[in-house]
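Welcome! Open the model in your viewer, and let us walk through it one selection at a time.

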Amino acid sequence: MRYVILGTRILEGLVFLIFGLNGLLHFFSMPLPTGDALTWFGIMATHHWMNFVAVVQLVGALLLLVGRFVPLGLTLLAPVIVNILLYHALLWPHGYALAILVLILELFLLAVYWRSFAPVLHPNPEAKTPQL
Amino acid sequence: MKVLAIVCRILLGLVFVFFGGMGLFMHPNLPPRGTALGDFVNIFNQVGWSQAVAAFQVIGGLLVLFGGTVPFGLCILCPITVNILLFHILFHALAPSMIVAPIVVTILEIVLLYAYRGSFAGVWTTKATPTL
């Protein structure tokens, strides 16, 4: 089981490392969408929104790969994955396979590292909050 | 700090329930297509992305208003706040007067994240051990 967890972490880290680096350096070209999806993607790219997403992906990927602050890395990547899924569900359905794969990896890691996230759902959060 | 947290909670919750409800149930008055901003918001509305965000805003706002689920509500609202802030920073030149509300929301969010930091301590652990 240790190696499954390690493998999942490395795989998700590598996927986001590659796409995060590509978002900043553009060393391989992604197939471009058409129509509204292309217009939207163009606006996101020219206004540097994609660069911000790439930086978040890169930081999350490095945390997963290095193995320090793994829950923080998962926290950073979770909203990115939600947005990737929304993009594929609403704007451009092609090429959703990788998004589904990343979602499965992320959900598995969230389950495995659940001890770090459980306090977020604690029924009485005020009791856990340090008093000033 | 306790009173401050309650005030921030009510403000943040009401703002997001209000704007989320508006996004869900009212027909927005959008700028015409042709500019980057107009294209962006129109596409966003057409495919239903803004309705998805609005639904998450209502859910997050309600969770922040209810005492027992504040950290989970903050988890949902945090990426939304980042995206709202990013939108207004990157498109600042196109709508310069709109930046105030996102900054206020961000400050409320940061105060609450700090007030409930006990619940998020698990996310910041350096070496989290996975369990299964």
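The term pLDDT is the predictor's confidence in each residue, on a scale from 0 to 100. You need it here because this is a predicted model.

**Stop 1: colour chain A by confidence.** The mean pLDDT of chain A is 90, with 96% of its residues at 70 or more. Now select residues 125-128 of chain A: this is helix α7, where confidence in the chain is lowest, at a mean of 72. Then move to helix α3 (residues 49-66) of chain A, where it is highest, at 96.

**Stop 2: show both chains.** Here 35 residues of chain B are in contact with 38 residues of chain A. On the chain B side, the elements giving two or more residues are α2 (36-46), α3 (49-65), α4 (70-90) and α6 (117-120). The largest share, 7 residues, comes from α4(B). Sorted by class, this side of chain B has 24 nonpolar, 9 polar and 2 charged residues.

**Stop 3: find the largest nonpolar core.** Among its 50 residues, Val70(A), Tyr113(A) and Leu74(B) touch the most other members. Helix α4 (residues 70-90) of chain A gives the most to this core, with 9 residues. Zoom in on Leu74(B): leaving aside neighbours within four places in sequence, its contacts are Val64(B), Glu109(B), Leu112(B), Leu113(B) and Tyr116(B).

**Stop 4: select residues 2-25 of chain B.** How far apart are the end C-alpha atoms of helix α1? They are 34 Å apart, which agrees with the 34 Å that 24 residues should span at 1.5 Å a residue. Buried residues in α1(B) include Arg9(B) and Phe16(B). The buried residues of this helix pack against α3, α4 and α5 (100-115) of chain B.

Technical notes
Residues are numbered from 1 along each chain as its sequence is written. Chains are lettered from A and ligands numbered from 1 in the order in which they are written. This is a predicted model: local features need pLDDT of at least 70, side-chain atom pairs count only at pLDDT 80 or more; totals for chains, interfaces and linings use all residues. Helices (H or I, at least four residues) and strands (E, at least two) are DSSP runs, numbered from the N terminus. Two residues are in contact if their C-beta atoms, placed from the backbone, lie within 7 Å. Ala, Val, Leu, Ile, Met, Phe, Trp, Tyr, Cys and Pro count as nonpolar, Asp, Glu, Lys and Arg as charged, and the others, Gly among them, as polar. A nonpolar core is a set of buried Ala, Val, Leu, Ile, Met, Phe, Trp, Tyr and Cys residues joined through C-beta atoms within 7 Å. A residue is buried if 20 or more other C-beta atoms lie within 10 Å of its own, exposed if 12 or fewer, and partly exposed in between; C-beta atoms are placed from the backbone. The expected span of a helix is 1.5 Å times one less than its number of residues.
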